[in-house]
Amino acid sequence: MLMKEYRICMPLTVDEYKIGQLYMISKHSSEQSGGGEGVEVVRNEPCTDPKHGAGQITEKRIYLNSKLPTWIRKFVPMVFYITETAWNFYPYTVTEYTCSFLPRFHVKIETRFENDNGCNENVFGDDPTQKDSICFLDILSDPIPDKHYKKSEDLSNWVSEKTGRGPLVDGWRNTAQPIMCSYKRVTCSFEVYGFQGRTEDFIHRNIRDILLVGHRQAVAWIDEWHGMTLEQVREYEREQQEETNSKLNSDITCTDSAPPVRPSFTRSISVTDESSLKKMGVKTVDIPSSPSCPSSLKNPMRLNSTPE
């Protein structure tokens, strides 16, 4: 099990980000969906908790087979998804990721949003995170994968017409006003011998990239969502979910209806049992034993078969 605490600051207030987070997640999910991959929303409904009060629970299926490294793809089916279950009791949220195909895979993300620059050393109110497990992510200067870079989301060039904020400059985390921080305590485990460390490192690398891209987008898109009410952003969320689900289900249906491509390679199997050979439609003949070749050392009959 590997645990890290990520701290991501933004030039926003916690109240503003309540709207910005919902908008960003919906738009980002829509952008990432297509070609049979992306995010399908299974449910999105109100919930209550004895400790945290009223909130929202969301369950999603994230289809991402092509985004997996080759060494993982060998062990998963072609249509592969991870289930995301999120409980939003803003400004506190909990998100869990599981996979029925990989029962020993589990990721939990606890998040707390505070109006500070990441200086709270015990934001979750239990045991402070060890310093070597804390990772500050800078939405201005930390690198992101080239495929996610957009000039319009580069915060060194960003200026908000609605709020007058931007662009961000070096050292902005110590000078910007307003400022808030997303504290995210991420625990991941993949308890499979020989793959645990490698997989957990892979998960954290991807979570880091997702957090950087998502928080950059929330800021860069501020003029699209700033001033929206909670009812308006929930309506936008519903529209995006319907569109994304329709697009994803259509792509998956097309993939399922396509004729299967039979592999061009063959493999050999050894069959020595006569009853098994007969079930396969192979006629057998009795071969008399030879004094120089005991029956226990006879060569097995070898057949070529194409995997189904």
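A charge is said to sit over a ring if NZ of Lys or CZ of Arg is within 6 Å of the ring centre and within 35 degrees of the ring normal. With that in mind, I would like to present this structure, which is a predicted model. Lys 27 lies over the face of Trp 221, and the distance to the ring centre is 4.2 Å. A second case is Arg 185, found over the face of Phe 124 at 4.4 Å from the centre of that ring.

Trp 221 also leads us to another residue. Ser 152 and Trp 221 are separated by 69 residues in sequence, and their C-alpha atoms are 9.1 Å apart in space. Ser 152 belongs to the loop between S7 and S8. Is Ser 152 buried or exposed? Its relative accessible area is 58%, and the threshold for exposed is over 50%, so Ser 152 counts as exposed.

As a general point, most peptide bonds are trans. Gly 166 and Pro 167, however, are joined by a cis peptide bond with omega of about -10°. Pro 167 is placed in the loop that runs between strand S7, residues 134-137, and strand S8, residues 180-190. Another cis peptide bond connects Gln 177 and Pro 178, here with omega of about 0°. Pro 178, too, is found in the loop between S7 and S8.

I turn now to the sheet. The sheet is open and has 8 strands with mixed pairing, in the order S2-S3-S4-S5-S6-S8-S1-S7. Which strands stand at the edges? They are S2, residues 38-49, and S7; each has a single partner strand, so one side of each is left without a neighbour in the sheet. On average, neighbouring strands of this sheet are turned by 20° against each other, direction ignored. Within the sheet, strands S3 and S4 run antiparallel and are joined by 8 bridges. Ile 57, for example, has Trp 87 in S4 as its bridge partner.

Two helices lie across this sheet. Helix H1, residues 14-31, lies across several strands, including S1, S2 and S6, and runs at about 145° to S6. Helix H3, residues 196-220, lies across S1, S6, S7 and S8, at about 10° to S1.

Next, the aromatic rings. In general, a pair of aromatic rings is described by the distance of the centres and the angle of the planes. There are 4 aromatic pairs in the structure. Tyr 23 and Tyr 236 form a stacked pair, with 4.5 Å from centre to centre and 15° between the planes. This pair links distant parts of the chain, since Tyr 23 is in helix H1 and Tyr 236 in helix H5, 213 residues apart. Tyr 23 has 7% relative accessibility and therefore counts as buried; Tyr 236, at 16%, is buried as well. The rings of Tyr 63 and Tyr 81 have centres 5.2 Å apart and planes at 50°, so this pair is tilted. Tyr 63 lies in strand S3 and Tyr 81 in strand S4, so the pair ties together parts 18 residues apart in sequence. Tyr 63 is buried, with 8% relative accessible area, whereas Tyr 81, at 28%, counts as partly exposed. Finally, ring pairs join Tyr 17, Tyr 90 and Phe 113 into a cluster.

Gln 240 counts as buried because its relative accessibility is 14%. Its side chain makes a polar contact of 3.2 Å with the side chain of Ser 30. Beyond its neighbours within four places in sequence, Gln 240 is in contact with Ser 26 and Ser 30.

Notes:
Residues are numbered from 1 along each chain as its sequence is written. This is a predicted model: local features need pLDDT of at least 70, side-chain atom pairs count only at pLDDT 80 or more; totals for chains, interfaces and linings use all residues. Side-chain values use heavy atoms; hydrogens and water are left out. Helices (H or I, at least four residues) and strands (E, at least two) are DSSP runs, numbered from the N terminus. Buried means under 20% relative accessible area, exposed over 50%, partly exposed in between (1.4 Å probe, protein chains only). A polar contact is a pair of N or O atoms within 3.5 Å; within protein, one must be able to donate a hydrogen and the other to accept it, and residues adjacent in sequence count only if both atoms are side-chain atoms. Contact means heavy atoms within 4.5 Å. Two strands pair if DSSP finds at least two bridges between them. Axes are lines fitted to C-alpha atoms, for helices over the stretch in contact, and angles run from 0 to 180 degrees between N-to-C directions. Rings of Phe, Tyr and Trp (its six-membered ring) pair if their centres lie within 6.5 Å; planes under 30 degrees apart count as stacked, over 60 as edge-to-face and the rest as tilted.
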